[in-house]
Amino acid sequence: LRRRRQALRWATGGAALLVAVLWILAGVFALDFLFSLQTLQRAVVMAVGAGLLVWAFLKFTRPYWGVSESLIDVALLVEKRQGIDSDLVAALQFESPQADRWGSRELEDAVIDYVAELDRGLDVFAGFTAETFWRRSGVLAVTLAIAVVLGVLYPAHLATFLARLG
């Protein structure tokens with residue numbers, strides 16, 4: 001669950017970043033095409049685009065890429081969603097090497113056995129949703145489709161634009 005949540009966060013943030021890159025490039029292209037920008041004007045527009053890209057990264061990507069969940073964090077989330085006591089976290093803590101110094105070995109074994117029995121009917125993915133990922137992936141797919149269609153319809157303009165970027 002932890003690996004899936006991490007992969008989903010990275011994919012969601014990455015999709016947002018790609019959408020931002022494509023739309024910013026489209027905006028730079030549109031301004032360059034409509035106003036026949038000179039070199040300095042194009043450089044200013046590209047600098048503004050770079051600023052917008054940094055803003056988009058900070059607003060839409062960094063919140064997803066900056067999250068790090070420990071195994072205990074995920075266990076707490078599962079306990080909350082499943083409405084179970086803190087036995088899952090306790091079992092994880094009892095499995096640590098330091099647990100031998102904490103007290104009753106019988107209590108430790110009982111908690112671990114209880115959670116192992118509970119695990120058979122526990123759906124840790126309940127409430128786990130990828131809605132934001134699918135929404136952003138849809139926006140990315142539509143953006144890519146528009147970019148490909150425009151590239152096919154106006155290949156000379158696209159080639160000139162890409163040459164100017166380099």
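This report describes a pocket, a surface patch and a loop residue in a predicted model.

## Basis

Residues are numbered from 1 along each chain as its sequence is written, and side-chain values use heavy atoms, without hydrogens or water. In this predicted model, local features need pLDDT of at least 70 and side-chain atom pairs count only at pLDDT 80 or more, whereas totals for chains, interfaces and linings use all residues.

## Largest pocket

The largest pocket has a volume of about 480 Å³; a pocket is an open set of points on a 1 Å grid where a 1.4 Å probe fits, with protein on both sides within 12 Å along at least five of seven lines, and lining residues have an atom within 4 Å of a point. Of its 16 lining residues, Ala26, Phe29, Ala147, Leu150 and Leu158 are the closest to the centre.

Two or more lining residues come from each of α1 (2–35), α6 (131–153) and α7 (155–165), where helices are DSSP runs (H or I, at least four residues). The largest contribution, six residues, is that of α1, and the lining divides into 13 nonpolar, three polar and no charged residues.

## Nonpolar patch

Trp23, Val139, Val142, Ile146, Val149, Leu150, Leu153 and Tyr154 form a nonpolar surface patch with about 770 Å² of accessible area together; patch residues have over 30% relative accessible area and no salt bridge, and nonpolar side chains are joined within 5 Å.

Ile146, in α6, is partly exposed at 40% relative accessible area (between the limits of under 20% for buried and over 50% for exposed, with a 1.4 Å probe).

## Ser36

Ser36, in the loop between α1 and α2 (39–65), has a positive phi of about 45° although it is not a glycine, and is exposed, with a relative accessible area of 52%.

Terms used:
Grid points are joined across faces, edges and corners, and a volume is the space filled by probe spheres set on the points. Ala, Val, Leu, Ile, Met, Phe, Trp, Tyr, Cys and Pro count as nonpolar, Asp, Glu, Lys and Arg as charged, and the others, Gly among them, as polar. Patches are made of residues with over 30% relative accessible area and no salt bridge: like charges are joined within 9 Å, nonpolar side chains (Val, Leu, Ile, Met, Phe, Trp, Tyr) within 5 Å. Accessible areas come from the Shrake-Rupley method with a 1.4 Å probe; for residues, only the protein chains shown count as cover. A salt bridge is a side-chain nitrogen of Lys or Arg within 4 Å of a carboxyl oxygen of Asp or Glu.
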